[in-house]
Amino acid sequence: MTDAEDHPYVEWIAREARRPVATDPAARARVMEFVRREPAPRFSVWHRLVQPRALSLSPLASVALAAGLVGIGIFTGLFVLRRDGQTLAEQPLAVAPTVSGLPASDTVVTFIFAGKASQVSLVGDFNGWDAKATPMTKVVPQGTYWSVTLPLSAGRHVYAFVVDSQWVADQHAPLAPDDGFGRPNSVRLVGRGSSL
Amino acid sequence: MTRYRSLIRGAAGLVACLASQAVAQASDPLSKLDPNSRFAVEAMIDSARVAGLPSRMLWLRAVEGINKGADSRRIVAAVRERFVHLKDARAVLSQATDDELAAAADLLEAKVKPEALIPFRNPGRGRSPLLALTILGDLVTRGVPRDDALSAISKFWMGGAGDAEFMGLFRGVESDILQGLNPGAALQNRVREFPGRAPSSIKPTTTPPAGEPETPNS
């Protein structure tokens, strides 16, 4: 027997605690009714965006996501800086569809191929030797002349025609010796006052 | 459901990764070379850049080979040859522009000796040997005997010939060759049109028999 148990207040509290509590069976229903009457909270788009949330990823998905991000980084690096040290802004233009916005240093040059063919394109150091970059168009309906006009920077340009998938030099322009791939190319000097 | 969501996320990541690699390959033509060849080409490009040579010409040579369908070994050899010839051309034409170096390197690729470039160095103020070197390369490529072409163009150049004379010589020789004349004879005939320019070293060249037109070297 302790002093606390002898105290009349302790005895009174214990008696009250032992007395069964009578609950109102309708209380729960009233509370829920009150909750339902409350307007639902409306979250804005911004709130949804900034609301922190847990993201569950499997290890495989995590690896794939990381690889994708690395790939995007590599691609961006390659896109911005080529291996030859020039940024894309420094790379020569492929083909400008129009001459508007032409740099002052560029000259509009026309290339002509005479001969029958079903498809002719121009390749050279100005378009990365890409046979799809500069298609030539028929000048005459019979298809004996093909032409393309494009802006070129001043200087020496080496080029060739791709005639029905065959690379041929322009025989009416100065030829450049075979550069190791079995066929000579042609040379166009731009911006020297000569029309070579 | 969670498993499917993970699978979809993984697939999306993989697709993004493959797509980025594909785009990177498309934007970098050198990626079409095998790894060893690419390393060799990139090493030469870096060396050219360090040496102050126009490294872009090496990159373009490699891209040209790739687009022409040449195999990697041939591309590396062509790039190496270009690198060596650019260095040799720079050694002779120390003050040359990039275009002049390229024209001179073309001549070296056509088996012209580096010493033959000596007349074209230090051309003087306002004068460029670019056109002369370009026409010389053209003559050699069209089959004019190397020594004859070199002798004629050197004499033109040292005699102070201008663009109009070089252009006239080129147009005349080109026209004659395309009509079937022997390239050496075509040069000889056309040089005579420029009094005082014809070098004495050009020997008479016979025209080929009828029906056997000369074709340019290729």
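This is a predicted model: local features need pLDDT of at least 70, side-chain atom pairs count only at pLDDT 80 or more; totals for chains, interfaces and linings use all residues.
Me: How many helices and how many strands make up the secondary structure of chain B?
Reply: Read from the N terminus on, the elements of chain B run α-α-α-α-α-α-α-α-α. The count for chain B therefore comes, with helices defined as DSSP runs of at least four residues, to nine helices and zero strands.

Me: What share of the contacts in chain B with a separation of 6 or more comes from residues 24 or more positions apart?
Reply: Chain B has 218 residues, of which 42% count as buried. Among its contacts with a separation of 6 or more, the share held by residues 24 or more positions apart is 61%.

Me: Which element gives the most residues to the largest nonpolar core?
Reply: The largest nonpolar core has 83 residues, and those touching the most other members are B:Ala104, B:Ala132 and B:Leu136. The element that gives the most to this core, with eight residues, is α6(B).

Me: Why is helix α9 of chain B described as largely enclosed, and what covers its buried residues?
Reply: Helix α9 of chain B spans residues 183-191, and seven of its nine residues are buried, so the helix is largely enclosed by the rest of the structure. The buried residues are B:Pro183, B:Gly184, B:Ala186, B:Leu187, B:Gln188, B:Arg190 and B:Val191. What covers them includes α6, α7 (146-158) and α8 (163-178) of chain B.

Me: Is B:Lys111 buried or exposed?
Reply: B:Lys111 is found in the loop between α5 (98-109) and α6 (130-141) of chain B, and its phi is near 70°, a positive value in a residue other than glycine. Most residues other than glycine have a negative phi. The residue has 9 C-beta neighbours inside 10 Å, and because 12 or fewer is the cut-off, B:Lys111 counts as exposed.

Me: What is the phi of B:Asn122?
Reply: B:Asn122 is likewise found in the loop between α5 and α6 of chain B. With 12 other C-beta atoms within 10 Å, B:Asn122 is exposed. Its phi is a positive value in a residue other than glycine, near 45°.

Me: Which residue of β4(A) does A:Thr110 stand opposite?
Reply: Elsewhere along β4(A), A:Val109 stands opposite A:Leu150, and A:Thr137 stands opposite A:Ser147. For A:Thr110, the residue that it stands opposite in β4(A) is A:Thr149.

Conventions:
Residues are numbered from 1 along each chain as its sequence is written. Chains are lettered from A and ligands numbered from 1 in the order in which they are written. Helices (H or I, at least four residues) and strands (E, at least two) are DSSP runs, numbered from the N terminus. A residue is buried if 20 or more other C-beta atoms lie within 10 Å of its own, exposed if 12 or fewer, and partly exposed in between; C-beta atoms are placed from the backbone. Two strands pair if DSSP finds at least two bridges between them. A nonpolar core is a set of buried Ala, Val, Leu, Ile, Met, Phe, Trp, Tyr and Cys residues joined through C-beta atoms within 7 Å. Two residues are in contact if their C-beta atoms, placed from the backbone, lie within 7 Å.
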